[in-house]
Amino acid sequence: MDILLFGGSFDPPHRGHLALLKGALKHLQPERAYVVPAFHSPLKPLSSTPGKERLALVKAALREGLSAKESRAVRVDPFELKRGRKTYAFELVRFFQKLHHVARMHFLVGSDKLETFPRWKRAAELRRKNFI
């Protein structure tokens, strides 16, 4: 079972996010794809848009931008927003690994986040597990 995790601030969600997700869905064909808006992306300033609003915007963008087939696999998950604090990528991955014990995980991020990867907390752990 393949699981796709797509984390980001989504402030606001835009066509680039949608194109990246659609490309990953087509290429990987995961059983499930989770789009997870960040409460506070660790390497970005705190968003001025409240989490509930960004969550609603993400849901609306996916409703409008995904085909029926694509949307069957996609779930918007408020994991980070419910925590109410910064959540690091390794914590997000660990949570979903526990949820899907036998799954092969794929971690999707925008190019803005990938550029900062060397500064991520426990980046080596993510690299060893082939998530990045």
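**View 1. Leu4 stands opposite His106 in strand β4.** β1 and β4 pair in the parallel sense over five bridges. Two strands count as paired here if DSSP finds at least two bridges between them. Helices (H or I, at least four residues) and strands (E, at least two) are DSSP runs, numbered from the N terminus. A word on ground rules: this is a predicted model, in which local features need pLDDT of at least 70 and side-chain atom pairs count only at pLDDT 80 or more, while totals for chains, interfaces and linings use all residues. Residues are numbered from 1 along each chain as its sequence is written, and side-chain values use heavy atoms, with hydrogens and water left out.

**View 2. Four strands make an open sheet in the order β3-β2-β1-β4, with parallel pairing.** β3 and β4 are the edge strands, each pairing on one side only. From one strand to the next, the twist averages 20°. Helix α1 packs on this sheet, touching β1, β2, β3 and β4, and its direction makes about 170° with that of β1. Contact means heavy atoms within 4.5 Å. For the angles, axes are lines fitted to C-alpha atoms, for helices over the stretch in contact, and values run from 0 to 180 degrees between N-to-C directions.

**View 3. Strand β2 is largely enclosed by the rest of the structure, because five of its six residues are buried.** Buried means under 20% relative accessible area, exposed over 50%, and partly exposed in between (1.4 Å probe, protein chains only). Three parallel bridges join β2 to β3 (residues 74-76), and Tyr34 stands opposite Arg75 in β3. β1 is joined to β2 by six bridges, again running parallel; here Gly7 stands opposite Val36 in β2. To get from β1 to β2, the chain goes through α1 (residues 15-28), in a right-handed β-α-β crossover. Right-handed means that, with the strands pointing away from the viewer, the path from the first strand over the helix to the second runs clockwise.

**View 4. The largest nonpolar core has 18 residues, and Leu5, Phe96, Phe107, Trp120 and Leu126 touch the most other members.** At least two residues each come from β1 (2-8), β2 (32-37), α5 (89-99), β4 (104-108) and α7. α5 gives the most, with five residues. Another core lies apart from this one, with 14 residues, among them Phe6, Ala24, Leu25 and Val35. A nonpolar core is a set of buried Ala, Val, Leu, Ile, Met, Phe, Trp, Tyr and Cys residues joined through side-chain atoms within 4.5 Å.

**View 5. Helix α5 has Ala89, Phe90, Glu91, Leu92, Val93 and Phe96 buried.** What covers these buried residues includes β1, β2, α4 (79-83), β4 and α7.

**View 6. Glu70 makes a side-chain polar contact with the side chain of Lys22, at 2.7 Å.** A polar contact is a pair of N or O atoms within 3.5 Å; within protein, one must be able to donate a hydrogen and the other to accept it, and residues adjacent in sequence count only if both atoms are side-chain atoms. Glu70 itself lies in α3 (residues 68-73). Setting aside neighbours within four places in sequence, Glu70 is in contact with Lys22, Leu25 and Gly65.

**View 7. The loop between β1 and α1 holds Phe10, which has a positive phi of about 50° although it is not a glycine.** Phe10 is buried, since its relative accessible area is 3%. Pro12 lies in the loop between β1 and α1 too, and a cis peptide bond joins Asp11 and Pro12, with omega about 0°. For context, most residues other than glycine have a negative phi, and most peptide bonds are trans.

View 8. Gln29 counts as exposed, because its relative accessibility is 63%.

**View 9. Pro118 lies in the loop between α6 (111-114) and α7 (123-128).** With a relative accessible area of 68%, Pro118 is exposed.
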